[in-house]
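Please prepare a short briefing on the structure shown below.

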Amino acid sequence: MEFFERFAIPNPSLAIYASMVAIGLTVVAIIAGLTYFKKWGYLWREWLTTVDHKRIGIMYLLSALIMLFRGGVDAIMLRAQLAVPDNKLLDPQHYNEVFSTHGVIMVMFMAMPFIFAFMNYVVPLQIGARDVAFPRLNALSFWLFFFGAMLFNISFVIGGSPDAGWTSYFPLAGNDFSQHVGTNYYMIAIQISGIGSLMTGINMITTIMKMRAPGMTLMKMPMFTWSVLVTNLIIVTVFPVITVALAMGTMDRLFGTHFFATTNGGMDMLWANLFWVWGHPEVYILILPAFGIYSEIISTFAGRNLYGYKSMVASMVIISALSCMVWAHHFFTMGQGAVANSFFSITTMMIAVPTGVKIFNWLFTLWKGKIRFTVPMLYSLGFIPLFVIGGMTGVMLAMSAADYQYHNTMFLVAHFHNTIIPGVVFAMLAGLTYYWPKMFGFMLNERIGKWSFWTLTIGFCLAFFPMYITGLDGQARRMYTYSEATGYGPLNMVSFVGAGVMAISFALIVYNVYYSVRYSPRNIGADPWDARSLEWATHTPVPEYNFAVEPQVASSEGFWDAKKKGHALFPGKVEKIHMPNNSGVPFIMGAIFFVLGFSLVFSLWIPAILSLIGILACMALRSFEQDHGRYISVKEIEETETKLRGAK
Amino acid sequence: MSELFPRKQIIGFVFSLVLTAAALAVYFLKLSFAQGMVVLVVTAFVQALLQLVVFMHAGESEDKWVIYGKVFFMIAMALITVFGTLLIFLWDM
Amino acid sequence: MKVDHSLPLEYGTKQNGLNIFGFWVFLAAEIMLFATLFTSYFTLEHRTGSGPSGTEIFEIAPVIIETLLLLTSSFTIGLGVHAMRLGRKKAMMTFFVITLLLGLGFLGFEIDEFITYIHDGATLQTSAFTAMLMTTLGTHGLHVTFGLFWGTAILLQVKKRGLTPETANKSFIFSLYWHFLDVVWIFIFSFIYLKGMM
Ligand code: HEM
Ligand SMILES: [Cu+2]
């Protein structure tokens, strides 16, 4: 019995017990359903072992949506607790747990996979490639992300959730102040999925640098591909940093080292430093692909090519370098002197310049365009003014002296939600609507989509603009309640209402999926939006080999040239196509990583060592295995092509 | 036999031994901290460059400039991380 | 599989080119990994708590031997790749075996060094400095250990399958890895040991 006590929840509540039951029932339902409909084989053959970038992309997408739901529930709980003064809905411990998991899940397990979903699905199509450079590694990346996310999520029913914030600052995150295993989950789950992200970075850079269609020079790549290239450059630069920081944090918690302790020479501030060396570039990892998606959508629906292509590219490259030089703006108040603060203050403000360049480029693209107000376009148009507000408050925060006032208040919370929601979340929803027909063969309903756009925008403004005011009035972040006398009550109530409106918007999106599955027409052709780049030049649904004939391009808008200027996109003949084989190893390795992580969280050394051996065995297996893939014959390709052409 | 020992690599190896010896001078000649650091920085980076060019064949493939670009970008970011942190914790705290 | 014979074997197929390129990107990431370790090391270097400082525990002799072993192994694996390009399988394998043996020797000295540290009362738990020292050295050491297994696996494959585009590609990539570890060691040698003893 004693052995099992460690798995108990340290701070139980009715809600947690209820979720345990709900999780249990869901798992039983899924297993029963799969067995009843005899879908285990299908699941294994078509999804769990797949190495196809399109399917991996779709799995990322589904995971991201599920995580959006989990993070969203957390968010509603936070706002509900703060809606009125002296509220007793959540106690302080639970409030801490909820804001910690909310932040981690939204950044690491919602936004990241959402972005990876589009990277995976769109980039190979957009550059005219058959797959990514290392399809199996890609599958491994996904499974590491997935099992990392699962590990993090079980924390709240087994052993207790992390409660030291998404930044997990030491010494609070050390054993003295965070005694239960929650923070172990934080360290290890992020580590596992972070390794996956790093591998995606390597994979995507190689894919984009080496596998572009003939004629697509660097300066003829579509803007989304450019943004992905730059993003992955940042990923490869900074993920190793968080790997080291998390390893050190794990050692502090499990092996009694004193890296971030306050005794024996340890330095808690070093954690903050390393965290933000990764953390600030991380927010640019989130926003740059979003910029890429907006660029695609704006030029498609303005009916014009993107204004200022070269300056767009230049500004992203500059952002990628600058974003690694600003990290200290997250701890201006930590005690370093004026020289250091001024340096980081200036570099931070400098980032606003290339960002501004991009904003103007989008505006000039719209200028004199024939704008079609579709749902993806609405999100993009909403993004521009709202994001500008977020960026401007960022520049306010960037002034180190003034930041002593803003730091760790609701003003900061308003700033980063103001950049992340209109910046990243809007882009993801826009991309979702835009690429949905390519992924699934039918469009999402436009009318419901517009409702969700407007509710989301209004809800967002209601939820976050009041925080600028309460923040300037001194309401601190991460405080579980406040007294009546502070006068923060009414504005917090407005925020709560706004959060509710946003929840309605997400419900509408779910309803939209349901509605469109049932009622949307299926004969939409390959190019329902009258778009411009290569991903729209192949069939819908996309055949597994993507393009029967390798496309050849002469500009960044190959498909548009083919439609309007008679450019010959597919000059070659059909030849047999080499494809990689499916493999179960990535999934199995991911699962072993899960066991490893779980064992480490609870310091169970024997299973940890066994799973480590298992992982090495998988790698050895991979090294000795001879797998040369398979070929799809010309005959097969031609059959598929005729069928798909007929289906239009 | 001699075709197995190309001149370029042998010279490279000898040179790397010389650089190591030069770095050791810091210890054996008891240089001052400033002098020592200059010697160490020079020998370490020259040594790294030597490995990169002579032994790792960084310049031989069609992607030469991409590889050099990538490596030097990374070195720049690494230096920024190191010196930025030193600025924060050691020189200005 | 299409093999382009105008290129060295290890670049021969399209996938080979991708592998080598991808590995360079990985090495770039490794640069940042070690840079982070160095960053932390420099920050914690003088934070010795109640434990010993670098000057007290570093010894020059083993460090010089370790450096020579690793430098030489970097040279021999370079010769190995050269032999591979000449198509001399036997010679290539000999050089790789020598490399791995030198690596093993390095590891032996390093383990001995760790044992001495622990004897001197410098353990992982002693102070931030000792923990950081051991983590930095340990990360490098683990890379070498991993390399020994990896190199052995590749040697077995070369032995069994001969020099094919695939095995040549793996061997070349392994050589990149090995040289990189040597470079990292040079920085450890210069900025941890020599700087610490200055
Ligand atoms: C013009 C561009 C921007 C500037 C000048 C800027 C500046 C800042 C500053 C100075 C802080 C720290 C304030 C404090 O802690 O007191 C901050 C926090 C933050 N920013 Fe920005 N920012 C910008 C854009 C963005 C973007 C595009 C994102 C995300 C997509 C973002 C996400 C965040 C997050 C998540 C935090 C706070 C994290 C935390 O403490 O939990 N920012 N920003
Ligand atoms: Cu920042």
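Between chain A and chain C of this predicted model, the count of salt bridges is 0, a salt bridge being a side-chain nitrogen of Lys or Arg within 4 Å of a carboxyl oxygen of Asp or Glu.

As to conventions, residues are numbered from 1 along each chain as its sequence is written, while chains are lettered from A and ligands numbered from 1 in the order in which they are written. Because the model is predicted, local features need pLDDT of at least 70, side-chain atom pairs count only at pLDDT 80 or more, and totals for chains, interfaces and linings use all residues; side-chain values use heavy atoms, with hydrogens and water left out.

**Chain A against chain C**

- Four elements of chain A, namely α7, α8 (223–254), α9 (268–302) and α19 (605–624), each give two or more residues to the side that touches chain C; helices (H or I, at least four residues) and strands (E, at least two) are DSSP runs, numbered from the N terminus.
- The largest share of that side of chain A, 8 residues, comes from α8(A).
- By class, the side of chain A that touches chain C has 22 nonpolar, 12 polar and 1 charged residues. Here Ala, Val, Leu, Ile, Met, Phe, Trp, Tyr, Cys and Pro count as nonpolar, Asp, Glu, Lys and Arg as charged, and the others, Gly among them, as polar.
- Contact, meaning heavy atoms within 4.5 Å, takes in 35 residues from chain A and 36 residues from chain C.
- Chain A and chain C bury about 3,000 Å² between them, 70% of it on carbon and sulfur atoms. Buried area is the accessible area (1.4 Å probe) that two parts lose on being put together, summed over both.

**Chain C against chain B**

- In this interface, 45 residues of chain C are in contact with 49 residues of chain B.
- The two chains bury about 4,200 Å² between them, with 81% of it on carbon and sulfur atoms. W24(C), F75(C) and M198(C) supply 17% of the area that chain C buries against chain B, more than any other three residues.
- The rule finds 1 salt bridge across the interface of chain C and chain B. R88(C) forms a salt bridge with E3(B), where the closest N and O atoms are 2.1 Å apart.
- There are 5 residue pairs in polar contact between chain C and chain B, both residues at pLDDT 80 or more.
- On chain C, α1 (14–44), α3 (60–85), α4 (89–119) and α6 (165–197) each supply at least two residues of the side that touches chain B. By class, this side of chain C has 32 nonpolar, 9 polar and 4 charged residues.

**Metal site**

- Donors are N, O and S atoms within 2.8 Å of the metal (3.2 Å for Na, K and Ca); water is not among the atoms, so sites may look incomplete.
- H415(A) is found in helix α14 (residues 410–440) of chain A.
- The iron atom of ligand 1 and the copper ion (ligand 2) are 4.5 Å apart.

**Annotated regions of chain C**

- An unreviewed UniProt entry places the feature "domain: Heme-copper oxidase subunit III family profile" at residues 21–197 of chain C; UniProt positions are given in the numbering used here, feature names are shortened, and annotations may be inferred rather than shown by experiment.
- Over residues 21–197, chain C is 86% helix and 0% strand, with end C-alpha atoms 39 Å apart.
- The unreviewed UniProt entry also lists "transmembrane region" for several spans of chain C, including residues 63–84 and 129–156. Residues 63–84 are 100% helix and 0% strand, their end C-alpha atoms lying 31 Å apart. Residues 129–156 are likewise 100% helix and 0% strand, with end C-alpha atoms 41 Å apart.

**Backbone features of chain A**

- A cis peptide bond, with omega about 0 degrees, joins F170(A) and P171(A).
- P171(A) is placed in the loop between α6 (135–154) and α7 (182–210) of chain A.

Conventions. Polar contact = N/O pair within 3.5 Å; in protein donor to acceptor, adjacent residues only side chain to side chain.
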